[in-house]
Amino acid sequence: MRLLSILLLVVLLSPTVHGQTLQQKLRTTSLDSQFVVLNLQSRNQDADFKIIRKSNLDIIRQNVKDSLSKYKKQINELNGTANNSAGSIKSLQDSVQTLSTSLAAEQEKTDSISFLGIPFSKGSYHSMVWAIILVLGAAFFGTLVAFRKAKVDTVESKNTVDELQEELQTLRKKAMEREQQLKRQLLDEQLKRNS
């Protein structure tokens, strides 16, 4: 590290390399470098004291003042930017809150279904619809079974009626034949008596 600072000083101090005077170097280098150059260019008066030229000290003082004003200006700009950012963040948080509220309302709308004016959740609505479908299906199946049974009963009754009709016809024929036979017999008996 010490070697690096010595090299830096040699480069800064050599007028042939950069072609600059001490005052030009003090105006163009960083503040830290300026203090190092000033320290090297000052004469030793004692072990703890050095003599510094007033013009060099004025240049460094002006540079420090310029740097401080520049940094203050940057700090003020950064504070303004931070305040603007804080305002932007606050407005964004407000809009996020508003959007969250509207999103929750929309999700509630989409998650519920109104049936006969009564709001239901989608799960309840689907359960109710399937229950209605199952009840209607069971009613249809019951009606189908009852219709089938009624049809079978009707066919059986019709067959029974047809059989009874045939039997009745047979009985009527037999009764007619018997009646005719009895009438003949009666006629024969009356003819026998009359003769």
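In which helix does Phe 140 lie? Phe 140 belongs to helix α6, which spans residues 122-194. The structure is a predicted model, in which local features need pLDDT of at least 70 and side-chain atom pairs count only at pLDDT 80 or more, while totals for chains, interfaces and linings use all residues. Residues are numbered from 1 along each chain as its sequence is written, and side-chain values use heavy atoms, with hydrogens and water left out.

The protein chain contains six helices and four strands; these are DSSP runs numbered from the N terminus, helices being H or I of at least four residues and strands E of at least two. Along the sequence, the elements follow the order α-α-α-α-β-β-α-β-β-α. The chain has 195 residues, of which 8% count as buried. Here buried means under 20% relative accessible area, exposed over 50%, and partly exposed in between, with a 1.4 Å probe and protein chains only.

Two of the helices can be followed as a pair. Helix α4 covers residues 31-41 and helix α5 covers residues 54-111; their axes come within 11 Å and cross at roughly 165°. This angle makes α4 roughly antiparallel to α5, a label given to angles over 145 degrees, whereas those under 35 count as roughly parallel, 65 to 115 as roughly perpendicular and the rest as oblique. The axes are lines fitted to C-alpha atoms, for helices over the stretch in contact, and angles run from 0 to 180 degrees between N-to-C directions. The crossing of α4 past α5 is left-handed, meaning that the near helix is turned anticlockwise from the far one by less than a right angle.

Side chains of opposite charge can pair when their charged atoms come close. The whole structure holds three salt bridges, each defined as a side-chain nitrogen of Lys or Arg within 4 Å of a carboxyl oxygen of Asp or Glu. In helix α5, Arg 61 and Asp 58 lie three residues apart, about one turn of the helix, and their side chains meet at 3.6 Å, N to O. Asp 58 is partly exposed, at 33% relative accessible area. Also in α5, Lys 90 and Asp 94 are four residues apart and form a salt bridge at 3.4 Å, N to O. Lys 90 is partly exposed at 47%, as is Asp 94 at 38%. In helix α6, Glu 179 and Lys 183 are four residues apart, so about one helical turn separates them; their salt bridge is 3.7 Å, N to O.

Helix α6 also holds Phe 140, which is exposed with a relative accessible area of 58%. Together with Phe 141, Leu 144 and Val 145, Phe 140 makes a nonpolar surface patch of about 430 Å².

Note on methods:
Patches are made of residues with over 30% relative accessible area and no salt bridge: like charges are joined within 9 Å, nonpolar side chains (Val, Leu, Ile, Met, Phe, Trp, Tyr) within 5 Å. Accessible areas come from the Shrake-Rupley method with a 1.4 Å probe; for residues, only the protein chains shown count as cover.
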